[in-house]
Amino acid sequence: MIKEFCAENLTLLPTLNASQVSRVELCDNLAVGGTTPSYGVIKEACQLLHDKNISVATMIRPRGGNFIYNDLELKAMEEDIIKAIEAGSDALVLGMLTAENQLDTEAIEHLLPATQGLPLVFHMAFDLIPTAQQHQALDQLIDYGFVRVLTHGSPEATPIADNVAHLKNLVTYANKRIEIMIGGGVTAENCQSLSQLTGTAIVHGTKII
């Protein structure tokens, strides 16, 4: 099983080791679902965690709220991507939608050159895409080179156990073309059973250890 620990800045990172987690998603401001951490935080986190053989996926999100970004915000995200790579990030976590809750393909195409081929993760904005269109969205993300999607299986704050059927459907459809990582209510106590029920070995959360 691959465990990704969701960390707010540096506070808990010294306590982690590679026997507990494979990867850290590094964020600021988890109260709004996570935003981009500072350059200094990313750099120090990468230095610390790389010494522990733990990789770092850095959140690229300029603010809380929705995932509809204007041109100025996209420029800020582009600069943050460049700095996150410079600071040592192993992967980038981002998500952009249109007002109709579809993938914002124009925004993705705008940011792709700045990512310099780093692995890309689409975060839980994915859950806002209508269920009937999520297979198509996965296909699009695969075409853009995304390697992983983080999903709760529902945009609602339902227990993740209630979403097992849909999560399993996504895993089956993805068919190892893109990783489906489950999160939002995944804990050290339930991660093993959720992994078995959904068919994915990749779990994410603040309470997975």
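A search of the whole structure finds five salt bridges, a salt bridge being a side-chain nitrogen of Lys or Arg within 4 Å of a carboxyl oxygen of Asp or Glu. The model is predicted: local features need pLDDT of at least 70, side-chain atom pairs count only at pLDDT 80 or more, and totals for chains, interfaces and linings use all residues. Residues are numbered from 1 along each chain as its sequence is written, and side-chain values use heavy atoms, with hydrogens and water left out. Helices (H or I, at least four residues) and strands (E, at least two) are DSSP runs, numbered from the N terminus.

**Salt bridges**

- R23 and E4 form a salt bridge in which the closest N and O atoms are 2.5 Å apart.
- Because R23 lies in strand β2 (residues 23-27) and E4 in strand β1, this pair ties together parts that are 19 residues apart in sequence.
- R23 is buried at 10% relative accessibility, and E4 is buried with a relative accessible area of 1%; buried means under 20% relative accessible area, exposed over 50%, and partly exposed in between (1.4 Å probe, protein chains only).
- R63 forms a salt bridge with E73, and their closest N and O atoms are 2.5 Å apart.
- R63 lies in the loop between β3 (55-59) and α2 (71-86) and E73 in helix α2, so the pair ties together parts that are 10 residues apart in sequence.
- R63 is partly exposed, with a relative accessible area of 24%, whereas E73 is buried at 16%.
- A salt bridge joins the side chains of E179 and R148 (2.9 Å, N to O).
- This pair links distant parts of the chain, with E179 in strand β7 (residues 179-182) and R148 in strand β6 (residues 146-151), 31 residues apart.
- E179 is partly exposed at 32% relative accessibility, while R148 is buried at 5%.

**Strands β1 and β8**

- Strand β1 (residues 2-8) runs parallel to β8 and is joined to it by four bridges; two strands pair if DSSP finds at least two bridges between them.
- E4 has H204 in β8 as its bridge partner.
- Strand β8 (residues 202-205) is covered on both faces, with I202 and H204 buried on one side and V203 and G205 buried on the other.

**Helices α5 and α6**

- Helix α5 (residues 164-174) packs against helix α6 (residues 191-198) at an angle of about 60°, with their axes 8 Å apart; axes are lines fitted to C-alpha atoms, for helices over the stretch in contact, and angles run from 0 to 180 degrees between N-to-C directions.
- α5 and α6 are therefore oblique to each other, since angles under 35 degrees count as roughly parallel, over 145 as roughly antiparallel, 65 to 115 as roughly perpendicular and the rest as oblique.
- V164, L167, K168 and V171 in α5 meet L194, L197 and T198 in α6, where contact means heavy atoms within 4.5 Å.
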